Structures are given as C-alpha cells and as structure tokens.
Amino acid sequence: MSGVNKKNVGQPCYFFLLFVAGDEPNSTLAQTNLSLICNKHLAGRFNIEIVDVIEDFSTAIDYGVIVTPTLILMKPEPRVTIFGNLNDAKKVLAALRLKEETL
Amino acid sequence: MEKRSEKSIEANKLNLVASTVLEKVPTGVSGLDEILHGGLPSGRCTIVAGGPGTGKSILGLEFLAFRAQNNIPGIFVTFEERADALRKNAMTFGIDLGALEKSGGLFIMDARPNPEAVVSGDFDLKGMLAIIGGKAAKMGARQIVFDAIDVLLNLYSDPIRERNEMYMLHNWLLDHEFTSLITVKNEGNSYNQHSYLDFMMDCVILMNARQLEQVTTRRIRVVKYRGSSYSSNEHPFIFKNGLRVIPLSSVLLSRTPTMKHVTTGSKKLDAMLNGGYMKSTSILLAGQSGTGKTTAACMFTKSACERKEKVLYVSYEESQEAIVTNMRSTGIDLTPALKSGILRFLNFMPESRAADEHLVDTIDAIDAFKPAHVVVDAISACGRMGTTQTAFEFVTRLINACKERGSTLILLNQLDRSDESSGDVSGIGISSLIDTALLMQYRRTPEQTQRIIEIVKARGSMHSNKIKDFIITEKGIEIGGKLRGKVKPPAGAGRAASAKKNVKGVRK
C-alpha cells in the first residue's frame, strides 16, 4: 500500500510496519482500519508494509513483536507501537501524534 | 486377516499400556526430579508460581540448559527480564547461556511488551505462537519456557479475553507436544492472581521464600501432577550452583543395618554397648554442659582415625584449634589425624545462614571427603539456624544423608534442665530417629560431683542397663574408674594444668 504523492513533498511521509497473523480476524480488521485512517488523514504521504508473521517470523523477532496485530510507526521518529485491531481511530491518531485540526 | 497371531495381540496390548504411561522429561535440577518422581510431564504444560526472587526463572533456565546439553534444543520466552540480565544471572550459577545459544541449543526470545505501546482494539497471541512455532521448527526445539506470563496476560484488561487466549496458548502447546514450563508471579497471600492457570495445567509447582526469625528459608511444593504420583510435601531448596532441592528420601526406611560394631574408643563403654557403636547408624550423646560429650566423641574420632577410617567433625560451638587444644588435656591428641588428612573439621556459626545452606554444605563436604564417620558438635546449636522446627528438619535430613551414604553419625546434644525433665534426650524431638542414645549426667553427692553415663537405647543390640560412674582423666573417659585425685572438675576449669603435663606425654 502506498500513497506517496507529488503534492505532499514538503510534509513528512509516514512509514508503517503492520504485523499480522494470516487472515485472522483482528489482523484483517487492522489492515482495513489502518488504510481507512491513512487515506483519510495522511492521503498521499504514507507507506504501509505488511508482515505476515506466519510467513516471516524472523522479522517479527527482530522487531520484538509478541501480539498480533502490532502496528509500528517507523517514521517520522520517534517510533510508536500500537497493539490491537486499531478500531479506536481517535486513540490511534493521538498515538501517531496527528492532531485533528491539522488533518 | 483372521490370522492375527497372539503375539501381535500381545504386542498391541503392550503398546496400549506403554502409551497410557505418562512420559517424563528430567529437569536436571538437583532433587526436583526426585519429588516429581522422574521429571516434568512430556509434551504437556507445567506452571511454576512463586513470589519475587523465589527462583522461577532460574528453574526454567536450568531446565532448558540441561536439555540443551543433552542436545534437545529449547526456547526461553522472557516477558519481563532482559536477555542480557538473564545471561548474567545464569552465569552466576555456572550456566553459560551464550554458549548454548551459539550452539543452537537455546534461543532466548525477548518478548517484553513495549511499555509505551498503545492498545487500540482487540489483539491475540496467534502471532506470538506463529513466531515461536517457526523458530522451534527451524531449530528443532522440544521444550519452551514462558517466563513471567503474567506480564503478557496483564496486557488484557478483560479477564475473559485473557483466559480464552491462555486456553488457546495451552491447546497450541499440547497440539505441538512441547514440554512447556510457564512461570507466573503470585503476591502476598493470594495463591495465584491467574488462578485458572492451576486448573488448566497438568502440573503445578509452588515456590516460596519465608523468614523465620532473621533467616530466609525457601520451599518448593508440587501442588498437582495429573497422571502421576509425586511428593506432595514442601521441600527446602537453596541456590548453590543453581537450584538445589533437598528432598527427604525414603532410603532411611529401606536401609538394613550393617550390624557391625565400631569401638567407642573406650573398652568399658564398648562392653556396655555389647561391642561398641553400630556402624552406619546414628548415635546421640546427650548431656549437660561439661559432662564430657566432646571428649567421648573425640575418643571415638581418634580411635577411628587410628584405624584409617576418615572422620568429618562438624563443629558449631568451638573452633578446630580450641577442640584440639582442649582434648590434649584428656590425653586425646588429634593432631596426627589432622596432619595426615584423615580427620577434617567443618566449623560454622549456626546463625551465619539458613539451615538448608548448612545442610547442603555439610552434605557436599561429606560427598567430597567420603568419611566413614561424621560427628556433629552439637545439634543443640542448630536451633540457632532458625527455630526448633528448622533444627529438627536439618538433623532429620542429615541423619538421612548419612544413612544413605553408610556413614556413622555421632550427634552431640547439650541438654538444659527442661530437656531432662521432658525426657527428650535429643532436645528437638528426633529421638525416634536415633539408633543409639547415651545420656551423660552429673550426680551431686554431699562430698562431690560425679559423672554418670547410661545407655538410654541401643537399637538392635544388647546393651547394659546399668548407670555407671565415669571420670575424665588424662587418658580420656574412664568408666567405673575409682575416683582419684586428678578428676576433671565439672565445668572445664583446671584443664590448663593437666594439659601441660600431657604435652610431655605427647613428646614422649
């Protein structure tokens, strides 16, 4: 998933790592919720990489992931970790330091 | 098809029996396998609950290290401690986790949840299990330890969600036939915050540390073990090169006495005992302060050493130098035996540490030195290791350890008046475990104080029922000797004078 767009060159691009466990319900939900949030608030300046821990467990070990789904905001720094299916959009936005008015 | 031979039917029956017997995996933790009657249930889950610092993590690490050394890899999933800290802690117990990790026998998975992580919506442990499963398949791991699972479970604010995830985890472990050990904290009086775990798991082990007076004692207990017998008692354990559980084994009851006598060092006392002390049994020498218990024990020690039988002398009351010097006044010179290494002293202040540590150090000394006889001077001091109960357990286990090893155990006990009136010559209620008991007392007449000795009991041996007078001279204890001028006064005074005389004798 990518939303990099020439219009947004001046603003920081958000790079996410989303760890999921196959098509397990919470994992599917997290993917949907994340793309909704990104498309709405970070249109054109986000990049999401999905890691399926069932396929690739060693990346999960490298990032210290223990529960799924786990979302890690890699950039901009500092790193943010969110557990869960991301169904509380307000909480997710706050954690990502995204203020309502700037959106 | 009908021609199924009887043999194959028999074989099938045997297979059926074999498959119904629970397989066990030894933990390698000293003494623990004994109380688990073999080890942890193979392919099943064991929970270890305990307060902070009780040794849960070490138990898990030792188990994995032991298995890894036997080329069966394992995974340690840590939810609380850093991997670095674990490696350092294990090193203090002589376990090199780093080396095991390099050889592929162990993988430490750092699963500490990010404390700054935000929770939004539901999540599950399937990802974690996929990660562990993947890693286990790659390295061929057969056992998994989850250390401080409470930290993981506390991520869930919903107890029902938490429980469901735990059921899922448990089923996953069973499906994959991992022999797993899960540690969980319990605090204060609450048995276990996540008490449903105890119902879920096949084996439950409880560890705790408690204070008796100023001394800490640690206890381990198997609460449940599905499909297996186990020792349900609480057992003491200590940390010495790892975890060491000190079970009270049943060898004591199954051992047959040797029926061989060894001399007490005094011919007349031998005669009273129909030949001397019985070899490989426990003997109690009880009496008030100054009645000559140490002298009697040292006479025995000297004669044993002269026969080239090794003696370990455990002293809680006097230093080696003090005993050797004092004994010269009674004509007992222990110096040659010490010099030749056939006699060894073990000096400890009873209150210096927990009774369990005393016990392990004493047993280690016995195993290293392999003495034919052990003298403990005196068990009355063992109360200072904690309480009377502590002393009782210490002495019971020591008696047991000596019986197992076939060593004669001479226990000295200093009585006070209350012990004498209660009739318990051991002072701490171990009389029934003693094979031979001698009581040394004072008898005051208008003219003088006399010493008397009697045999209270001598299991499996004829013995004199007479109360005999004895004196302590520069030739040791003389039973039935006529009272002469050079009688040792009761409280040890006036020894110096006779000691001087004796030095001459030693030099010839």
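Colleague: Where in chain A is the place of A:L17?
Modeller: This is a predicted model, in which local features need pLDDT of at least 70, side-chain atom pairs count only at pLDDT 80 or more, and totals for chains, interfaces and linings use all residues. Residues are numbered from 1 along each chain as its sequence is written, while chains are lettered from A and ligands numbered from 1 in the order in which they are written. Strands (E, at least two residues) and helices (H or I, at least four) are DSSP runs, numbered from the N terminus. On that basis, A:L17 sits in strand β1 (residues 14-20) of chain A.

Colleague: Is A:L17 buried or exposed, and why?
Modeller: A residue is buried if 20 or more other C-beta atoms, placed from the backbone, lie within 10 Å of its own, exposed if 12 or fewer, and partly exposed in between. Because A:L17 has 20 C-beta neighbours inside 10 Å, it counts as buried.

Colleague: Which residues is A:L17 in contact with, leaving aside its neighbours within four places in sequence?
Modeller: Contact here requires C-beta atoms, placed from the backbone, within 7 Å. A:M74 is 57 residues from A:L17 in sequence, with 7.0 Å between their C-alpha atoms. With neighbours within four places left aside, the contacts of A:L17 are A:E49, A:V51, A:Y63, A:I72 and A:M74.

Colleague: Nice! Which strands stand at the edges of the open sheet of nine strands in chain B?
Modeller: Strands pair if DSSP finds at least two bridges between them. The order in chain B is β17-β16-β18-β19-β15-β20-β21-β22-β23, with mixed pairing. Each edge strand has a single partner, so one side of it is left without a neighbour in the sheet; these strands are β17 (343-347) and β23 (476-479) of chain B.

Colleague: Turning to the two chains, which element gives the most to the side of chain B that touches chain A?
Modeller: The contact involves 24 residues of chain B and 26 residues of chain A. On the chain B side, β5 (106-110), β6 (118-119) and α6 (126-139) give two or more residues. With seven residues, the element that gives the most is α6(B).

Colleague: And which residue stands opposite A:I82 in β6(B)?
Modeller: Strand β4 (residues 80-83) of chain A pairs with β6(B) in the parallel sense, over two bridges. There, the residue opposite A:I82 is B:V118.

Conventions. Contact = placed C-beta atoms within 7 Å.
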